[in-house]
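Me: I'd like to learn how to read a protein structure, one feature at a time. Could you walk me through this one?

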Amino acid sequence: MATSSRSAGPGLLDYLPQGRWLLVGAAFLLGWLLFALVWLAGRGDDTTTPGPAKPVAEPVAFEPLPRPMAAGDAATPLPAPTEEARVVEQAPAPAPAPAPVETTPLPPSIDEAAPVAGQAMQAPSPLPEQSPSPRYPLDALRRGETGTVILQVQVDAQGQPVSIDVSQRSGSRDLDRAAVEAVSRWRFSPALDAAGNAVPGGLSVPVDFKLE
């Protein structure tokens, strides 16, 4: 049968030259080379052609939390005031008007009234036009102090006080001082003896300080 098939006619391989396997190998390599070129060209298009830009999320900035204060840390000082502090002075309430100070000489005692040789028969007395009432001390008025001061006044023959002693205090030093200062500026009618002559003498002067 081999003899009959060969005699039937020459095959395709019979027409190929002796180097047919070399051609087959060259064709195979050429095919692989073309495949590699096509694959690399397609990959290059994917890498060079920019695709649609993807949105990039911007980073969010967070402020750092304040450091917790320790137990011994001092408190945060308050901001200084923009305006200077002002001291508002309120006018003091008006003090009540003082009542007029009454000054009435005490009547002479029995011993003073008795006629004794060489002594005054008539005690001295304040002159109304020259014995103004004492001024009420402002501090005592604000504190509401009242009282009666009794003064023992010695008057010379010219009617001027030469000594003043406080025989009864009012309880307020300001009132006592005001009474003494006022009476020291008074003028008196001098004491008279049995013959009507002016002689030194003494009298008691009460000074009342009271509020209306």
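**Salt bridges and beyond**

Reply: Let's start with a network: salt bridges link Arg143, Glu145, Asp174 and Arg177. Keep in mind that this is a predicted model.

Me: What is the general idea behind such pairs?

Reply: Side chains of opposite charge can pair when their charged atoms come close. In this structure, a search of the whole model turns up four salt bridges. One of them joins Glu145 to Arg143, with the closest N and O atoms 2.8 Å apart. Arg143 also forms a salt bridge with Asp174, and there the closest N and O atoms are 2.6 Å apart.

Me: Which parts does the pair of Arg143 and Asp174 tie together?

Reply: Arg143 sits in helix α5 and Asp174 in helix α6, so the pair ties together parts 31 residues apart in sequence.

Me: And how do I read the salt bridge between Asp174 and Arg177?

Reply: An α-helix has 3.6 residues a turn, so residues three or four places apart point the same way. Here Asp174 and Arg177 are three residues apart in helix α6, which puts about one helical turn between them. Their side chains meet in a salt bridge at 3.3 Å, N to O. Arg177 counts as partly exposed, because its relative accessibility is 41%.

Me: What else can I read from α6?

Reply: Check its span. α6 has twelve residues and reaches 17 Å from its first C-alpha to its last, close to the 16 Å expected at 1.5 Å a residue. Then look at which residues are buried: in α6 they are Asp174, Leu175, Asp176, Ala178, Ala179, Ala182 and Val183.

Me: What covers the buried residues of α6?

Reply: The cover includes α5, β3, β4 (161-168), β5 (188-189) and β8.

Me: How should I think about a nonpolar core?

Reply: In soluble globular proteins, nonpolar side chains tend to be buried together. The largest nonpolar core here has 18 residues, and those with the most contacts inside it are Leu151, Val153, Val183, Phe188, Val205 and Phe209. Two or more residues of this core come from each of α5 (138-143), β3 (147-155), α6 (173-184) and β8 (201-209).

Me: Is Pro200 buried or exposed?

Reply: The cut-off for exposed is over 50% relative accessible area. Pro200 counts as exposed because its relative accessibility is 59%. You'll find Pro200 in the loop between β7 (198-199) and β8. Pro200 and Gln158 are 42 residues apart in sequence, while their C-alpha atoms are 8.2 Å apart in space.

Me: Now zoom out. How many helices and strands does the protein chain have?

Reply: The chain has six helices and eight strands. Along the sequence, their pattern is α-α-α-β-α-β-α-β-β-α-β-β-β-β. Of the 212 residues in the chain, 19% are buried. The accessible surface comes to about 17000 Å², and 60% of that belongs to carbon and sulfur atoms. Finally, among contacts with a separation of 6 or more, 73% are between residues 24 or more positions apart.

How values were computed
Residues numbered from 1 in each chain as written. Predicted model: local features only at pLDDT ≥ 70, side-chain atom pairs only at ≥ 80, totals over all residues. Heavy atoms only, no water. Helix = DSSP H or I, 4+ residues; strand = E, 2+ residues; numbered from the N terminus. Buried < 20%, exposed > 50% of the residue type's maximum accessible area, 1.4 Å probe, protein only. Contact = heavy atoms within 4.5 Å. Areas by Shrake-Rupley, 256 points an atom, 1.4 Å probe, with all protein chains shown as cover. Core = buried A, V, L, I, M, F, W, Y, C linked by side-chain atoms within 4.5 Å. Expected span 1.5 Å × (residues − 1).
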